Amino acid sequence: MADAPVDTVASVPVAVVGAGPAGLMLAHRLGRAGVGTIVLDTRTRHEIETTQRAGILEADVARDLVETGVSDRILREGHEHEGTGIRFGGRAHRIHFKALVGESVWLYPQTDVFIDLADARERDGGTVHFGVRDTEVLDVTTDAPRVRYTAADGSRHEIRARYVVGADGSRSMCRNLVPEDRRVRYGKEYPFAWFGIMAEAPRSAPELVYAHSEHGFALISQRTETVQRMYFQCDPDESVDAWPDDRIWETLQARVAGEDGFRLAEGPVLEKSVLRFRSFVQEPMRWGSMVLAGDAAHTVPPTGARGLNLALHDVKVLADVLLRALGGEGEAALDDYQPRALRRIWRAQNFSHWLTELLHTPPGASPFDRRRRLGELDNVVGTRAGRLYLSEQYTGWPVSAQG
Ligand code: PHB
């Protein structure tokens, strides 16, 4: 296969495997600096556009989308949230990020970020091939790696590149190119999952609501004036067929109920799915001429919505080192990538894990565990240090943050 005849051969400085937000944002950043890319994805554009993902962007990430010229749609259609709601023990609390740390976050779904990036690639004449198959990444331990693939029409193609970026998501094949005896995989599975719904209903609250109750976790998020996104903690093996609308609403209402009489506005459930989650990091993030970015190198549980933010941070650092490497510094410039990216990755791993454990109730939790968790929640919302910690972590860390 590696040397079978192909229909076309193209040469480009950087080949990118994966056209999700990480791959496309990298291509956008490199394109702005005059460096060509070819981006490939096994999924069709429609498949990526219709896969529901999280919806919170750090202020820095939102600013970057506008300032690097991807799109300013977020300013018109996104919603800036200066804080978030947290409910437990039947009471509502608000963490005011803006007042505490001077930053806010933006509610803007990942699917919209993807649409903006895919449109920007088209507008700027970038090459993106969706719906390819049989992708093979070859010769990554040389300075002339190649990527071979079959296009949607069945024709075979080869890309010759100087560097290959594996931005091929949580089921990455690129990360398997790092030999087994040279890689370390850190990971953790959780004994619960999220049952996610899209519902046709008005907003129930002006901001997000993270709810911890004796019945388990729930998150009330939003999409538009008339469509809302919500989740509740469930068993990882839960089947969506066992959940008619009235059972879903009853469960969600019980998890947000409290002495203030708070109730969710209900409506028809348009979509439902079970999201299993885990924490994962692979090191090293580079092997020869191949570099990993985003979910290919690390996965976080969705609590706190760090995944997309982290992926876009990776490619900010990666674009910088690739430009230096291609600009004359050579491959040595890539040595800077992993330490700069990993620092934020492990901070985000810790935050996502911490917030997950704080808000969920694992099956079989003892009475002590349950009461201790309420004590921790009280510490988070009831002390200035706790509120500051949550605000600083949730709104992200500046890219240059060293401290
Ligand atoms: C979402 O809107 O889908 C969302 C928001 C915040 C999270 C996770 C998911 O922490």
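The model is a predicted one, in which local features need pLDDT of at least 70, side-chain atom pairs count only at pLDDT 80 or more, and totals for chains, interfaces and linings use all residues. Residues are numbered from 1 along each chain as its sequence is written, and side-chain values use heavy atoms, with hydrogens and water left out.

Let us start with the overall division. The protein chain splits into domain 1 (8-55 + 109-183 + 284-358) and domain 2 (187-277), with bounds that come from an automatic or database domain assignment. Taken over C-alpha atoms, the centres of domain 1 and domain 2 are 31 Å apart. Their contact (heavy atoms within 4.5 Å) involves 13 residues from domain 1 and twelve residues from domain 2.

Now to the pockets. Rolling a probe the size of a water molecule over the atoms shows where empty space is left. On a 1 Å grid over the protein atoms alone, a pocket is an open set of points where a 1.4 Å probe fits, with protein on both sides within 12 Å along at least five of seven lines, whereas a cavity is a set from which the probe cannot get out; lining residues have an atom within 4 Å of a point. Grid points are joined across faces, edges and corners, and a volume is the space filled by probe spheres set on the points.

Where does the largest pocket lie? Domain 1 and domain 2 both give residues to its lining, so the largest pocket lies between them. Its volume is about 1,500 Å³. Of the 49 residues that line the largest pocket, Arg53, Gly169, Ser170, Arg171 and Asp295 lie nearest its centre. Two or more lining residues come from each of helix H1 (21-32), helix H6 (110-123), strand E16 (227-234), strand E17 (269-275) and helix H8 (307-329). Here helices (H or I, at least four residues) and strands (E, at least two) are DSSP runs, numbered from the N terminus. By type, the lining of the largest pocket has 23 nonpolar, 16 polar and ten charged residues; Ala, Val, Leu, Ile, Met, Phe, Trp, Tyr, Cys and Pro count as nonpolar, Asp, Glu, Lys and Arg as charged, and the others, Gly among them, as polar.

The second largest pocket holds about 240 Å³ of space. It is lined by 16 residues, and Gly89, His212, Ser213, Glu214 and Leu374 lie nearest its centre. Strand E5 (84-88), strand E14 (209-213), helix H7 (245-256) and helix H10 (367-382) each supply at least two residues of this lining, and H7 gives the most, with three residues. The lining of the second largest pocket divides into five nonpolar, six polar and five charged residues.

Next come the sheets, where two strands pair if DSSP finds at least two bridges between them. Strand E18 (residues 278-283) is joined to E21 by two bridges, and Phe280 has Thr299 as its bridge partner in E21.

Another open sheet of three antiparallel strands runs in the order E3-E7-E4. E3 and strand E7 (residues 105-107) pair over three bridges, with Trp106 of E7 as the bridge partner of Leu57.

The peptide bond from Glu283 to Pro284 is cis, with omega near 0°, and Pro284 lies in the loop between E18 and strand E19 (286-287). Asp134, in strand E9 (residues 133-138), has a positive phi of about 55° although it is not a glycine.
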